[in-house]
Amino acid sequence: MNVVKFLKDWTLIIAMLAGIAGYFLYTLLPIPPAVHPVVNDVIGLIQPTLIFSMLFLTFCRIDVRDLRFRMWHLWLLIFQCGLFLAIGLILVAMPHSGLRVVLEGAMICLICPTATAGAVITRKLGGSVNNITTYTVLINLATALLIPALVPFVHPNPQMTVWTSALLILSKVFPLLLMPLVAAALLRRFAPHIAERVGKHQELSFYLWAVALALALAVTTRSIVHSTVDIWTQLWLVAVSLVCCVLQFWLGRKIGIRYGEKITAGQSCGQKNTVLAIWMGYTFFTPVTSIVGGFYSIWHNVINSYQLYEHKKHTESISDTDHNPQGQASRTTI
């Protein structure tokens, strides 16, 4: 049990180290060059499958009747989608900008949907699970529409027309982000008992996330090793991931305060599906932009660890006060 607890407590670090070490171990193995494309194709199939599975398990717990639209959902959507569109239009207007890779990284950080684990952290912090779940559905829908609509113009494929590229991206993004919701809704409608049983296996989603994160970090490491982008641009991508993470947590909380949902709005905007971010960066943008997803994963977990620590300390303080009101009174007097 201690080993299991250790693995759960340090899953982020273990998964990231496993992904990085796994890549370098793979390069040391005497594998024929002809095998490499096959491995790339297999990873390219496994990654979206894991993302789909995690979303499906999460959505199986959703009862559509519990979803409620809140005004802060709209403000967060305007912020995320608006900045994504604004940066994209800048890149379309200045296709040869020296900041292209960095700005593409910012676009990924901003449009990336809320993490499937966001509801778990929100619950622990005392927020609303139903409301963050509603926003997760909304931002997944927005991402599925905006990525195919804008990326072909921002990062055109020289071998395809804009229309063909848009359809190709749509064929990859739409099933990945929206089909899990549709499949879960159909399962709940026609086989509710099965959906309920599937929804209870959220631990499986946790382990799928660990595997997906390890693979994502392996892909990110490969991108860094083989990248022709200079080291300063890569460091800028790291900085952009930090700025975007802090900004989105801060803005989400500020907007949430106005509607009495500081925790829920902050998690909705700040905690990202970073495995998806890495996949989007490698698949649709310059591969090195996948760095932003890897480092965003570090930043948002650091922020959440601090928030959980502060929440636990505050809860324990209230508990001590309830058990020792006289002592609290004397301390207040002092």
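Trainee: How do you know that helices α12 and α13 cross at roughly 150°?

Mentor: Their axes are lines fitted to C-alpha atoms over the stretch in contact, with angles from 0 to 180 degrees between N-to-C directions. In this predicted model, local features need pLDDT of at least 70, side-chain atom pairs need 80 or more, and totals for chains, interfaces and linings use all residues. Residues are numbered from 1 along each chain as its sequence is written, and side-chain values use heavy atoms, without hydrogens or water. The axes of α12 (residues 231-258) and α13 (residues 262-270) come within 7 Å.

Trainee: What makes the contact of α12 with α13?

Mentor: Contact means heavy atoms within 4.5 Å. From α12, Gln248, Phe249, Gly252, Arg253, Gly256 and Ile257 take part. The α13 side includes Lys262, Ile263 and Cys269. By class, the contact has 5 nonpolar, 6 polar and 2 charged residues.

Trainee: Which residues are closest to the centre of the largest pocket?

Mentor: Ala117, Val120, Ile121, Lys124 and Phe206, of 42 lining residues. A residue counts as lining because it has an atom within 4 Å of a pocket point. The volume is about 1,400 Å³. Helix α15 (290-323) gives the largest share of the lining, 7 residues. By class, the lining has 19 nonpolar, 14 polar and 9 charged residues.

Trainee: What lines the second largest pocket?

Mentor: It has 18 lining residues, and Tyr23, Tyr26, Val39, Ile43 and Ala218 lie nearest its centre. Helices α2, α3 and α11 each give two or more. The volume is about 330 Å³. The lining holds 11 nonpolar, 6 polar and 1 charged residues.

Conventions:
Helices (H or I, at least four residues) and strands (E, at least two) are DSSP runs, numbered from the N terminus. Ala, Val, Leu, Ile, Met, Phe, Trp, Tyr, Cys and Pro count as nonpolar, Asp, Glu, Lys and Arg as charged, and the others, Gly among them, as polar. On a 1 Å grid over the protein atoms alone, a cavity is a set of points where a 1.4 Å probe fits but cannot get out, and a pocket is an open set with protein on both sides within 12 Å along at least five of seven lines; lining residues have an atom within 4 Å of a point. Grid points are joined across faces, edges and corners, and a volume is the space filled by probe spheres set on the points.
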